[in-house]
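I took the entries in the order in which I made them.

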Amino acid sequence: MAMVSRMPSFLCILVILVSISQSNAQPSFLYHFCINDNGNYTANSTYQNNLNTLLSNLSSNTQIDYGFYNFTYGQDSDRVNAIGLCRGDVKPDACRSCFNDSKVLLTQLCPNQKEAIGWYDNCMLRYSNRSIFNTMEASPSFYMWNTGNATDVDQFNQVLRNLLDSLKSKASLGDSRLKFATANVSGPAFQTIYGLVQCTPDLSEQDCTACLDGAISEIPRCCDSKKGGRIGRPSCNFRYEIYPFYDPTYVAIPPAPAPKVSTLPPSSTDTLSTEEGKSNTSRTLIAIVVPIIAFGILVILICVYLRMRSRTHIEVEAENDDEITSEETLQLDFATVTAATNNFSDANKLGQGGFGPVYKGKLSNGQEVAVKRLSGNSLQGDIEFKNEVLLVAKLQHRNLVKLLGFCLERRERLLNIISWLRFTDQIRRAQLSWEMRYKIIGGIARGLLYLHEDSRLRIIHRDLKTSNVLLDAEMHPKISDFGLAKLFEVDQTQGNTSRITWQYWREGTASNIVDPT
């Protein structure tokens, strides 16, 4: 009886898991439109059967490997026309997978409309009962933009416009298989701007140019002064960012000219029955496989739950260690650090910081490092050290100190391992000409600019001073000691702080204009 009473609960959990797994199976569109202007179809109608047949053939077609599909199927009012366009750098297998996701999701979101369109990052799929081939269409369209603002907006816009105009000219000259172009150029503030444009290859050179001209002219309405943006139209699209977002090593090169429009042969009774048999087989497989997968997910969840319960005996002092899990690849064990510093010998001691001593060490691979050992009685130091580890591990710049590893253990919880940068001695100081000093100042400024404007995290250092600027063997400056750094939102310009500069004394806020020293 006890087993029987547990069955409803188990079945409920199983149904929920199956629903979740099915809902997560299809990724969401960037944007989609269900268009009602051209009428609706009813369930099991001839139009729906033609649509399903056409979309199935489109997503399973292995003869076309250049990412453009223009198919038609059916007769008269039940005729269905479809266009599938993959991004030019997407490989054939990924292209077909994108179309497969598109046909499932688009027919779910638009279950009765005879015309619909949906965009993924890798592909676009549209179908209609009207003719949509060899015709430039600008609507419906969508905008997306990067929330970060560009620096030196006028120069950024000029460089961007020149880049997109160049790509537009290149793409419009493509053939009936591919009208696609990518490139990157250097922009203001040491940034690189990456661009991509594409038209459906059934357009003429003039129509492709006109479509892209219209889309590019919408930038002031969509993404003016933004670091990135995109506009998608049925016949063309473009995108730009300050980071690589396309595969520069692959562009689909079609082996042979594409047909104008592919018309699927009319289906016979035998063909339909075969398809029906395949459909029934697929349903049977789904009915068997889905419960097995759901049961497997349930077992995994139970194992995870039991594992989490078994860890409740761990000391409270470790409750915040999960903040650094994203940097676990940098974690070293305490024995390794002890061996590197000769058991923290006084002979290896480089100096004494505000939260503990700093030791020179050598890792097993021969690399020299500096090890920052936190004092055991410094609670404030714990928080600031963890802040330093999280921030420095995510920052990559030639004028910032590089984090090589850290150690967190029960009694020796916090150890910070960074590249060992030799301090200048008396001989080095004699080498500091005014030209060298100018270059050092420039390097510090570039490091601060990166922290304030160009990194994916906006950071105010809050403790910039000469002792926190280290020089390497080539006399390149490296900003260090991020224990007091403050993380800002991407579009935030001010924040409260307890550090004092004249601006703080007057206003009580920090900004990216003044980094307190």
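Entry 1, a pair of helices. I began with the contact of α2 and α3, where Leu51, Leu55, Ser56, Leu58, Ser59 and Ser60 of α2 meet Arg96, Phe99, Asn100, Lys103 and Thr107 of α3. By class I get four nonpolar, five polar and two charged residues in this contact. I note here that the model is a predicted one.

I then looked up the geometry of the pair. Helix α2 covers residues 46-60 and helix α3 covers residues 92-109; their axes come within 8 Å and cross at roughly 160°. Angles over 145 degrees count as roughly antiparallel, and α2 and α3 are therefore roughly antiparallel to each other. I recorded the crossing of α2 and α3 as left-handed.

Next I looked up α4 (residues 153-172) and α5 (residues 205-216), whose axes come within 9 Å and cross at roughly 160°. α4 and α5 are therefore roughly antiparallel to each other as well. I wrote down a right-handed crossing for α4 and α5. On the α4 side the contact is made by Arg161, Leu164, Lys168, Ala171 and Ser172, and on the α5 side by Glu205, Cys208, Thr209, Leu212, Asp213 and Ile216. Sorted by class, the contact of α4 with α5 has five nonpolar, two polar and four charged residues.

In what order do the five strands of the open sheet lie? I read the order as β6-β9-β10-β8-β7, with antiparallel pairing. β6 (142-145) and β7 (179-186) stand at the edges with a single partner strand each, so one side of each has no neighbour in the sheet. From one strand to the next the twist averages 10°.

I looked at one pairing in this sheet in detail. β7 and β8 (residues 192-199) run antiparallel and are joined by eight bridges. Among the bridge partners, Ser186 has Thr192 in β8.

α4 lies across β7, β8 and β10 (236-241), and runs at about 150° to β7. α5 packs on the sheet too, touching β7, β8, β9 and β10, and its direction makes about 45° with that of β10.

Where does Lys226 lie? I found Lys226 in the loop between α6 (219-222) and β9 (229-232). Leaving out residues up to four places away in sequence, Lys226 touches Trp145, Asn146, Thr147, Gly148, Asn149, Ala150, Phe156 and Tyr240. With one of these, Asn149, the side chain of Lys226 makes a side-chain polar contact at 2.9 Å. For Phe156 I noted a separation from Lys226 of 70 residues in sequence and 9.4 Å in space, C-alpha to C-alpha.

Entry 5, a hairpin. I noted one partner pair: Val358 has Lys372 of β14 as its bridge partner. The hairpin has five residues between the strands, and Gly366 in this hairpin takes a positive phi near 90°.

How values were computed:
Residues are numbered from 1 along each chain as its sequence is written. This is a predicted model: local features need pLDDT of at least 70, side-chain atom pairs count only at pLDDT 80 or more; totals for chains, interfaces and linings use all residues. Side-chain values use heavy atoms; hydrogens and water are left out. Axes are lines fitted to C-alpha atoms, for helices over the stretch in contact, and angles run from 0 to 180 degrees between N-to-C directions. Helices (H or I, at least four residues) and strands (E, at least two) are DSSP runs, numbered from the N terminus. Angles under 35 degrees count as roughly parallel, over 145 as roughly antiparallel, 65 to 115 as roughly perpendicular and the rest as oblique. A crossing is left-handed if the near helix is turned anticlockwise from the far one by less than a right angle, and right-handed if clockwise. Contact means heavy atoms within 4.5 Å. Ala, Val, Leu, Ile, Met, Phe, Trp, Tyr, Cys and Pro count as nonpolar, Asp, Glu, Lys and Arg as charged, and the others, Gly among them, as polar. A polar contact is a pair of N or O atoms within 3.5 Å; within protein, one must be able to donate a hydrogen and the other to accept it, and residues adjacent in sequence count only if both atoms are side-chain atoms. Two strands pair if DSSP finds at least two bridges between them.
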